[in-house]
Amino acid sequence: MNSRIRMVFSGSGGQGVITAAIIIAEAAVIYEGLNATQSQSYGAAARGGATRSDIIISDKEINFPEVTQPNILVCLTQEAYNTYSSIIRPGGILLTDKRYVQTTRKVDAKQIELPMYETVMEKIGKPVVFNICVLGALIGLTEILQAQSVMTAVADRVPKDFLTMNNRAFDLGLVLGAQFRR
Amino acid sequence: MPKNIRFVQGNEACVEGALYAGLDFYAGYPITPSTEIAEQLSQRLPEIGGKFIQMEDEIASMCAIIGASLTGKKVMTATSGPGFSLKQEAIGYACMTEIPCVIANVQRGGPSTGNPTHVSQGDINQARWGTHGDHAIIALTASNHQDVFKMTVDAFNMAETYRTPVILLFDEAVGHMREKLIIPEKGELEIVDRLRTAVAKDVDYHPYLPREDGRLPMSDFGAEHRYNVTGLFHDMWGFPSNNPKIVNELLRHLVDKIENNVQAITRYKEHCLEDAEYILVSYGSSARSAIHLAQNRRNKGEKIGVLELQSLWPFPTELVKEKCSDAKAVLVVEMNMGQVLTQVKAAVKSPDRVFLANRIDGQLITPSNIKQLLRVIQGRGV
């Protein structure tokens, strides 16, 4: 693998941004034998408010856990995009959702806009699995981890009755992301 | 899922360490950023036949663990700044009565309710002198989850060995961050169990009469022996005394049993220290940034190393003196106004070459924060 992957997931509280961050980092550690850190800044709000989580994945030791310039930036709200798009590492990947974010073309990054929310609502009809679709899209797009590792980590965290729905959301994302694989 | 590899928060690593060490009683009052410790234990302890109690406040929590420890349990509580303040009187009681217990303080910004969801290392001196009167205390810390686990086990072991409260000084950044934890197999780490008296039932037991090796065997309170426990100076029976000889001897004993064992208690790690010209002394989450910077500058040929302290009290003065003796400059990296800085300055030969690299705004100090100061000290501009 690329020796160090630095990611920032950002959006609004309640979108599952933190959960998605934990799942991908957990998949790296437990199913691929890598090191990973996941951290977040937070205030007192349970819903709403800007949410950001930093994830570092590496085959080496990770000390400083914060990300200043992500190779991969996911923005799921306009506010998150406006706040964070400028920190992307030149040449990095910036993933946004078409429904939530209007992109501008000011950053030196590969900007990928996918209709993740729309697809989830159309095919599944439950917004709760939106974050899992985003994870699928990210894996389809970047192949930073094996899809199977992430899906197993999803299965560890999701109640059994909801697993099929989550797998479906992940697969939908995987297909959406794979179209833009480089 | 492989059985022993976990991806957890630092607070969960503390829980795992405590259970590994044999914790069977927890009393606490939830407070950010330590709450996950209580939350996890409220589920885990009942599963293994242990007891979890959410008390009405932090004072009661501290008193509850002291009582439970006296009956033979391995105990802990967890809190953060404001709660740590409330526990101080009872911590002093545990010092005086020599009752083993572990207090985790996951530090947040203070004083007062301060900055609940953000990181700080402002309670270092409070851990040492928060309770009144001369006394000694043990305080341990860690910068990563594997070490959080290990230091938690060590805390329980030291509490039993020295019959003292032991403070775990973690911080919000390590407490809430998630990373890998490999839980050791049973038997991999040493566990110190309660030293119980060999005195038979109904035979006179002197709770404060040391054995030849200086240790005080305990008797589970309420079981086989009747004895007195008091926060007043006391004789070998545990009864109050203001006899000058007894007062003098007890106070010296309370301090000496810990201060005379600094070497055995000291925990630390070296990172690139062997030929370092510039030494970063750090601990807890700030040590992660110090190590990051040192490894980075090493790759560019600069001789920088890190002395990571894992035991803060009793302060490892001799260790710091020895490791820093040849350094051109020493930077103490911490998130307070210089609490460990004072100790380092007192330890080294040239205190004028010791500098503070700190950050106190609730944000984790970054490698570039440290680098900026380092460049000034190295005379390489701002």
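Modeller: Happy to; I'll start with the chain as a whole, go through the sheet and its helix, and then turn to the loops and the contact with the other chain.

Please keep in mind that this is a predicted model. For chain B the mean pLDDT is 97, with 99% of its residues at 70 or more, and the model as a whole scores ipTM 0.94 and pTM 0.96.

Chain B contains 13 helices and 15 strands. Its radius of gyration is 21 Å, close to the 21 Å given by the globule rule for 382 residues, so chain B is as compact as a globular protein of that length. The C-alpha trace spans about 75 × 55 × 40 Å along its principal axes. Buried residues account for 49% of the 382 in chain B. Among contacts with a separation of 6 or more in chain B, 75% are between residues 24 or more positions apart.

Now to your sheet. Five strands of chain B make up this open sheet, ordered β10-β12-β11-β14-β15, with mixed pairing. The edges belong to β10 (268-271) and β15 (354-358) of chain B; each has a single partner strand, so one side of each is left without a neighbour in the sheet. On average, neighbouring strands here are turned by 20 degrees against each other, direction ignored. Further in, β11 (residues 278-282) and β14 (residues 329-334) of chain B run parallel and are joined by five bridges. One of the pairings to look for is Tyr278(B), whose bridge partner in β14(B) is Ala329(B).

The helix you mention is α12 (residues 339-347) of chain B, which lies across β11, β14 and β15 of chain B and runs at about 155 degrees to β14(B). Its buried residues are Gln339(B), Val340(B), Leu341(B), Gln343(B), Val344(B) and Ala347(B). In an α-helix there are 3.6 residues a turn, so residues three or four places apart point the same way. The cover over the buried residues of α12(B) includes the strands β11, β14 and β15 of chain B, and also α5 (124-129), β13 (311-313) and α11 (317-323) of chain B.

Two of those covering elements lead us to a loop worth a visit. Pro314(B) sits in the loop between β13 and α11 of chain B, and the peptide bond from Trp313(B) to Pro314(B) is cis, with omega near -5 degrees. Most peptide bonds are trans. Another cis bond runs from Gly110(B) to Pro111(B), with omega near 10 degrees; Pro111(B) lies in the loop between β5 (101-109) and β6 (115-119) of chain B. Ser112(B) is in the loop between β5 and β6 as well, and has a positive phi of about 55 degrees although it is not a glycine. Ser112(B) counts as exposed because it has 9 C-beta neighbours inside 10 Å, where the cut-off for exposed is 12 or fewer.

Finally, the contact with chain A takes 17 residues from chain B and 18 from chain A. On the chain B side, β1 (5-9), β9 (178-182) and α10 (284-299) each supply at least two residues, and α10(B) gives the largest share, four residues. The chain B side divides into eight nonpolar, five polar and four charged residues.

Key:
Residues are numbered from 1 along each chain as its sequence is written. Chains are lettered from A and ligands numbered from 1 in the order in which they are written. This is a predicted model: local features need pLDDT of at least 70, side-chain atom pairs count only at pLDDT 80 or more; totals for chains, interfaces and linings use all residues. The radius of gyration is taken over C-alpha atoms; the globule rule is 2.2 Å times the number of residues to the power 0.38. A residue is buried if 20 or more other C-beta atoms lie within 10 Å of its own, exposed if 12 or fewer, and partly exposed in between; C-beta atoms are placed from the backbone. Two residues are in contact if their C-beta atoms, placed from the backbone, lie within 7 Å. Two strands pair if DSSP finds at least two bridges between them. Axes are lines fitted to C-alpha atoms, for helices over the stretch in contact, and angles run from 0 to 180 degrees between N-to-C directions. Ala, Val, Leu, Ile, Met, Phe, Trp, Tyr, Cys and Pro count as nonpolar, Asp, Glu, Lys and Arg as charged, and the others, Gly among them, as polar. pLDDT is the predictor's confidence in each residue, from 0 to 100.
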